[in-house]
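Here are my notes on the model you sent. Please read them with the coordinates open.

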Amino acid sequence: MSIGFLEANLPKDKFNTYVFDFSLEKVNPYTERKRLKTFFADLDINVFGISSALSFNYPYARKTAEIIKELIPRAKIVLGGCHASMTACKILGENDNIDFILKGEAEFSFPALLDYFKSNLSEDALSLVPGLVYRRNNSIMENPAVITQDLDSIKPVNYRKMRLEDYVKAGYRYGTNNFGLSAPLWISRGCPYGCTFCSASIMNGRKVRYHSIEYVIKLIKHLYEKENVRTFTIIDDNFTFDRAYVKKFCFEVKKLGFKDINIVAPNGVRIDRLDQETLKLMYEAGWRVLMVAIETDNEKIMQKMDKKIDLKEVPGKIAMIKRAGFKVHSNFILGFPGASRGDIKKTIDYACRLELDMVGFPKFQPLPGTKMFDELCSNGEIDEDFLPVEYNEKSKYAPKGIKTQMLDKLQRNAYLLFYLRHPASILLLFENYSIKHLLGYIRRVIIGKS
Ligand code: B12
Ligand code: SF4
């Protein structure tokens, strides 16, 4: 999606673009140096933009930059995405293969940087590119990022170019239990909350900006009629924040009369932003599974997370969602700083007792740029080079007093306990995830192989 947005918003009369998705093509720059070289050898590329969104994937971005520089020394390498934005000065300070970083949303700043490369402007012009982090006279310069207020001025991704069918074939699907393709939609940006473990509001700002309903409905209609999309995956940080918007959106989707569509929000929606009327409209629009991330049952930890969910309300809200006809999926973070082994066991027990249909038990990983990452650095629990691993891989972090292997074991037991107590939920897993995805999960979490 990241590169898709950049590609869609580049003036086609000025720039030629090539898009490669290494996760789809299964290119691993560490083991397939040769294959990576054949990807680029015959192309006349001057600028390489690499997305580094997830911190645990950053080493791949760094390695790719190294190989490209070796192959095409004149090429400029630009990094973007959440991880790169959170650690921009550090990355440039340590890595000569990366020339520029564009922090934050880049639909307009990336073309501005490319214009700079094309023209013969003086280096002073770099100070005008929003969000640019660059080297100058042995220092690292950092321009403030600009957040686009008028989201409708951003062109949507060219979904046909994204080869949606290849993602479904490769096992990337959530909630796609019907026929047809699945497409991600980015409808709103930003989140007013400041949860201490999350970088979303730092990346996209605290004000929630929405596309106009007309823009989104036109896009949905196009994807349904022209691209055979049947599952719409809303990837927003906090889609349900503005309930009036959500209701209008659902009403307009329902009016389209597409009976066979499915809407999902795999990131989750805040449980406290749901009420009966909104749920009814969401159901009518095509939602069937609701992911609500509760994170913990422990008041002290909830405060430390600063997620601001009233735990007393949770069971009642879940019952209300179920009454409205939905399956409920929730996540609980295991091993948040300050949690003891007893606390973690209580959280698992709580999750098993709630009326949930599916659960996720991600292990806490400190993410660069977040308040919790900074706190753990300042109290010496991690150092600033810490890179998280994927949440279901063998843990690299566990709270004080707990060994990482113990946290892995607690996570394993949590999944076993939940699905043994809710055997019907196993079927639901197969409906909502691909077999490839589930087997990967079982391999990593239950068998413990990375
Ligand atoms: C959607 C999403 C998901 C979805 C993906 C669904 C889908 N079908 O795509 C799901 C739910 C699967 C998911 C899973 C996870 N996610 Co997630 N996810 C997101 C979310 C909300 C949006 C990402 C997105 O696609 N945005 C839309 C694209 C277009 O935006 P973008 O990538 O930021 O790109 C823009 C800019 O960054 C920039 N840019 C990006 N790349 C480049 C490159 C260049 C060259 C340039 C110039 C600019 C540039 O320009 C783009 C256009 O403006 C972000 C939060 C956020 N607001 O970013 C978290 C986020 C990326 N996820 C995060 C995490 C941690 C995870 C998980 C590990 C969580 C887990 N419990 O397991 C898993 C990892 C899954 C995996 N193995 O890959 C973290 C990553 C933080 C970090 N430092 O690592 C984020 C930032 C949220 C957070 N908690 O802080 N996620
Ligand atoms: S966890 Fe959710 S509510 Fe909290 S800051 Fe991140 S996106 Fe917002």
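This is a predicted model: local features need pLDDT of at least 70, side-chain atom pairs count only at pLDDT 80 or more; totals for chains, interfaces and linings use all residues.

1. Local features are described where pLDDT is at least 70. Side-chain atom pairs count only at pLDDT 80 or more.

2. Strands 1 and 2. Strand 1 covers residues 47-51 and runs parallel to strand 2, with five bridges between them. One pair to look at is S51, whose bridge partner in strand 2 is G80. Strand 2 spans residues 76-80 and is mostly covered. Four of its five residues are buried.

3. How much of strand 9 is buried? Five of its six residues (the strand is 229-234) are, so the rest of the structure largely encloses it. The cut-off behind that word is 20 or more other C-beta atoms within 10 Å of the residue's own. Strand 6 (residues 181-185) pairs with strand 9 in the parallel sense, over five bridges. Here A183 has F232 of strand 9 as its bridge partner. Strand 10 (residues 262-264) also pairs with strand 9, again parallel, over three bridges. In that pairing T233 stands opposite V264 of strand 10.

4. The open sheet 11-12-13. Three strands make up this open sheet, in the order 11-12-13, and the pairing is parallel. Strand 11 (289-291) and strand 13 (358-360) are at the edges. Each has a single partner strand, so one side of each lacks a neighbour in the sheet. From one strand to the next the twist averages 15°. Strand 12 takes in residues 327-331 and is joined to strand 11 by three bridges, in the parallel sense. V289 stands opposite K327 of strand 12.

5. A helix on that sheet. Which strands does helix 18 touch? Helix 18 (residues 424-432) packs on the sheet and touches strand 11, strand 12 and strand 13. Its direction makes about 75° with that of strand 13.

6. Helices 11 and 12. Helix 11 (residues 243-256) packs against helix 12 (residues 276-285) at about 30°, and the axes are 8 Å apart. Angles under 35 degrees count as roughly parallel. The two helices are therefore roughly parallel to each other. The crossing is left-handed. From helix 11 the contact uses R243, V246, K247, C250, F251, V253 and K254; from helix 12 it uses E277, T278, L281, M282, E284 and A285. By type, these residues are seven nonpolar, one polar and five charged.

7. Helices 15 and 17. Helix 15 (residues 341-353) and helix 17 (residues 404-421) pack at an angle of about 20°, with 9 Å between their axes. That makes helix 15 roughly parallel to helix 17. Which hand does the crossing have, left or right? Helix 15 passes helix 17 in a right-handed crossing. Helix 15 contributes R341, I344, I348, A351 and C352, while helix 17 contributes M406, L410, A414, L417, F418 and R421. The contact residues divide into nine nonpolar, no polar and two charged.

8. R35. This residue belongs to helix 3 (residues 33-40). R35 has 13 C-beta neighbours inside 10 Å, so it counts as partly exposed. In sequence, R35 and L311 are 276 residues apart. In space, C-alpha to C-alpha, R35 and L311 are 51 Å apart.

Notes: Residues are numbered from 1 along each chain as its sequence is written. Chains are lettered from A and ligands numbered from 1 in the order in which they are written. Axes are lines fitted to C-alpha atoms, for helices over the stretch in contact, and angles run from 0 to 180 degrees between N-to-C directions. Angles under 35 degrees count as roughly parallel, over 145 as roughly antiparallel, 65 to 115 as roughly perpendicular and the rest as oblique. A crossing is left-handed if the near helix is turned anticlockwise from the far one by less than a right angle, and right-handed if clockwise. Two residues are in contact if their C-beta atoms, placed from the backbone, lie within 7 Å. Ala, Val, Leu, Ile, Met, Phe, Trp, Tyr, Cys and Pro count as nonpolar, Asp, Glu, Lys and Arg as charged, and the others, Gly among them, as polar. Two strands pair if DSSP finds at least two bridges between them. A residue is buried if 20 or more other C-beta atoms lie within 10 Å of its own, exposed if 12 or fewer, and partly exposed in between; C-beta atoms are placed from the backbone.
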